[in-house]
Amino acid sequence: MPIIEIESLELVLESPGEFLKVLDIPHWCVEEGDQIALFGPSGSGKSTFLHALAGILPISKGKLCVCGHSLEGMAEVNRDLFRAEYIGYIFQNFNLLQGFSVIENVLLGMTFSPRKASLKEAEFLLHEVGLSHRLRYYPSQLSFGEQQRVAVARALANQPLLLLADEPTGSLDPVNKKEVLRLIREICHTHGCTLVLVSHEQDVIDLFEKAVPFLTLNQAFQVQAENQK
Amino acid sequence: MTFCQIVLRSLQQHRFSSILAIVSMALGVALLVAVYSLKEQTQKTFTQIGLGVDAIVGPKGSPLQIVLNAIYHLEDMPGKIKWTYFKELEKDPLVVEAIPFCVGHSYRGFRVNAIDRRFLTEFEYLPGKRFSFSEPEGGKGRPFNANDEAVAGWVVAKTLALKVGDQFNPVCGVLEGDPVHEKDALGIVGILAPTGTSHDRAIYIPLEAFYTLAGHPPETLAMAEREEYREISGAYLKIKRIRGGALHPGIQGLKFAINQSDRDQLVIPHEVLPRLFDIIGWVDRVLLAIAGFLTVLSALFLFFALTSALRERRRDLALLRSLGASRKTVMGLMLAEAFLISFLGGLLGLLLGHGLIGFGAHLIKAETGVAFSAAYLSRADWFVLPGVLLLGLLAGLVPGIQAYRLGILKNLSPIS
């Protein structure tokens with residue numbers, strides 16, 4: 001069963017004085033359990049694409065079906081619910097709420113989902129990412145690598161069907177980068193969660209069997225590039 | 001995590017500004033509660049005491065001055081009335097009880113009033129309450145029986161450390177420097193149990209003793225011997241009541257008749273006291289205005305605290321949104337914080353306000369003899385908390401709307 005189905009997807013954003021088509025994807029499909037890396041230059045719309053997949057940004061045209069839910073025309077409040085139930089999201093930076101402890105950050109990942117938040121589950125996830133000894137710590141007391149591992153645990157807290165990772169290793173040193181990537185892939189595999197990861201780092205992309213150059217997907221960027229020539 | 005846990009965590013994260021907002025709100029509320037309570041209790045107390053005396057017959061002059069002097073032991077009596085006139089009035093079918101008194105003496109700052117003995121034994125200073133000398137109630141001794149005996153009110157005895165058996169020489173007058181009755185030593189034979197009224201703030205001597213004090217001129221002594229010469233300062237009157245406890249409507253006719261004379265007048269404290277509150281009412285109004293201003297100011301402070309907290313928390317709220325929190329939820333978080341801060345501020349203010357009254361009650365009682373209760377619930381106690389909560393919600397509304405409008409992407413990691 002495809003987790004992501006796209007047909008003639010367009011996303012137009014309003015920038016001062018003009019409307020800019022940032023996404024134009026004729027067709028794309030991702031099967032359940034796939035682990036895909038999207039790569040491409042900065043500004044090619046990779047993050048915007050993830051935001052559209054997560055239901056943060058509404059699409060302008062076409063068909064976007066994620067986890068069996070058509071997002072086109074879906075009201076914002078329903079997209080919020082959809083995100084809370086089916087999507088896990090890892091950002092490059094600024095992932096954690098600083099005023100909340102490690103365990104609370106993970107619990108927050110369950111809070112808005114229809115599933116009941118479970119302390120035991122949160123503890124188990126933190127155990128899986130190797131942070132069971134840091135439950136009551138605050139983000140500022142952790143290293144970048146540890147913070148990103150908490151973010152991984154939080155992204156999986158709502159038992160998502162789809163995990164979106166936007167440059168998850170962008171701020172990490174090589175050792176932590178490798179470790180966090182391994183963790184994300186392993187946990188996704190264990191939990192049966194589909195992974196779409198965005199990166200521009202070659203060493204990260206090389207680890208994936210399925211790596212898609214985003215430029216081949218997004219025709220909007222190709223048009224922009226041609227216009228700029 | 002529950003919604004409440006997130007709210008509490010956020011407050012904890014901004015604990016300094018949250019505590020400041022709570023404290024500033026509490027101060028405004030405390031002042032409001034204290035002023036309101038004192039105002040209401042003062043009015044109630046004064047009215048109650050005034051009701052103990054249905055009417056006062058006294059000389060011509062300011063009715064308010066007569067009430068203040070006769071009941072609250074303040075000011076001076078503007079003159080005297082004839083004893084014979086009083087005796088005649090006493091027979092009026094509307095007059096149930098009449099207690100004559102003479103004022104004009106003092107002892108170390110407290111008034112010494114000469115009064116009919118029935119005042120101590122039969123007079124009800126509040127409905128159903130008579131003066132007591134019972135030791136368990138705080139009194140001691142007995143009523144006076146002779147002209148050289150006196151009874152001290154509870155506050156006087158406590159303040160001047162007077163005991164049964166002590167002697168004192170009254171001052172002829174109420175001002176500092178007035179002559180002392182050196183040859184007239186009066187013995188304390190009783191101390192009244194506390195009544196929580198102004199009656200606790202005077203010393204009582206027999207009415208006849210007033211005329212026989214050695215220091216007085218012969219004309220005054222003659223008043224003791226011949227009733228037709230005798231004068232008194234006034235008399236407390238209990239008036240016949242009709243069904244339901246209201247004063248007999250005939251009192252207005254009696255008042256009109258008495259007030260026709262050149263020398264005497266009938267004063268009804270119940271009618272006069274509101275004038276006193278009109279006079280001193282501006283103090284309440286100013287204090288209430290200050291308290292109201294403080295409360296509104298604290299709401300403004302809360303508004304700025306929340307707005308500044310929102311600025312710091314844009315990323316946090318955007319992250320919550322990315323985790324699936326709806327716009328209504330993040331707006332609700334801001335409103336709930338405002339609500340909680342206002343609730344805690346209001347609650348603390350209520351406790352503080354009552355604490356202030358409790359603390360001040362001792363001082364006020366020592367100074368005036370009037371008892372205030374910290375447990376008294378004034379109108380402010382009912383409206384202040386809902387009012388403060390409403391203010392708090394209003395203060396949280398703008399930050400709440402800002403949180404509602406917050407864009408997720410603008411406040412998260414940069415778009416590649």
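A: B:Asp264 counts as buried because its relative accessibility is 6%, and the limit for a buried residue is under 20%. The model in which this residue is examined is a predicted one. B:Asp264 belongs to strand β15 of chain B, a strand that covers residues 264–267.

The surroundings of this residue may be considered next. When neighbours within four places in sequence are set aside, B:Asp264 is in contact with B:Gly58, B:Pro59, B:Lys60, B:Ile81, B:Tyr85, B:Ile258 and B:Asn259. B:Thr121 may be taken as a reference point: between B:Asp264 and B:Thr121 there are 143 residues of separation in sequence and 27 Å in space, from C-alpha to C-alpha.

Attention may now pass to the strands of chain A. Here four strands form an open sheet with antiparallel pairing, and their order is β2-β1-β4-β5. Its edge strands are β2 (18–31) and β5 of chain A, each of which pairs on one side only. In general, the side chains of a regular strand alternate between the two faces of the sheet.

The sheet can be followed pair by pair. Strands β1(A) and β2(A) are joined in the antiparallel sense by 12 bridges, and A:Leu11 stands opposite A:Leu23 of β2(A). Strand β1 of chain A (residues 2–15) also pairs with strand β4 of chain A (residues 61–66), again in the antiparallel sense, over five bridges. Within that pairing, A:Glu10 has A:Lys61 of β4(A) as its bridge partner. Strand β4(A) is in turn joined by two bridges to the antiparallel strand β5 of chain A (residues 69–70), where A:Ser70 is the bridge partner of A:Cys65. The hairpin of β4(A) and β5(A) has two residues between its strands, and A:Cys67 takes a positive phi near 55° there.

Two packed helices are described by the angle between their axes and the distance between the axes. Helix α3 (residues 102–111) and helix α5 (residues 144–155) of chain A pack at an angle of about 30°, and their axes are 7 Å apart. Since angles under 35 degrees count as roughly parallel, α3(A) and α5(A) are therefore roughly parallel to each other. The crossing of α3(A) past α5(A) is right-handed. From α3(A), the contact is made by A:Val102, A:Asn105, A:Val106 and A:Gly109, and from α5(A) by A:Val150, A:Ala153 and A:Arg154. By class, this contact contains four nonpolar, two polar and one charged residues.

Note on methods. Residues are numbered from 1 along each chain as its sequence is written. Chains are lettered from A and ligands numbered from 1 in the order in which they are written. This is a predicted model: local features need pLDDT of at least 70, side-chain atom pairs count only at pLDDT 80 or more; totals for chains, interfaces and linings use all residues. Side-chain values use heavy atoms; hydrogens and water are left out. Buried means under 20% relative accessible area, exposed over 50%, partly exposed in between (1.4 Å probe, protein chains only). Contact means heavy atoms within 4.5 Å. Two strands pair if DSSP finds at least two bridges between them. Axes are lines fitted to C-alpha atoms, for helices over the stretch in contact, and angles run from 0 to 180 degrees between N-to-C directions. Angles under 35 degrees count as roughly parallel, over 145 as roughly antiparallel, 65 to 115 as roughly perpendicular and the rest as oblique. A crossing is left-handed if the near helix is turned anticlockwise from the far one by less than a right angle, and right-handed if clockwise. Ala, Val, Leu, Ile, Met, Phe, Trp, Tyr, Cys and Pro count as nonpolar, Asp, Glu, Lys and Arg as charged, and the others, Gly among them, as polar.
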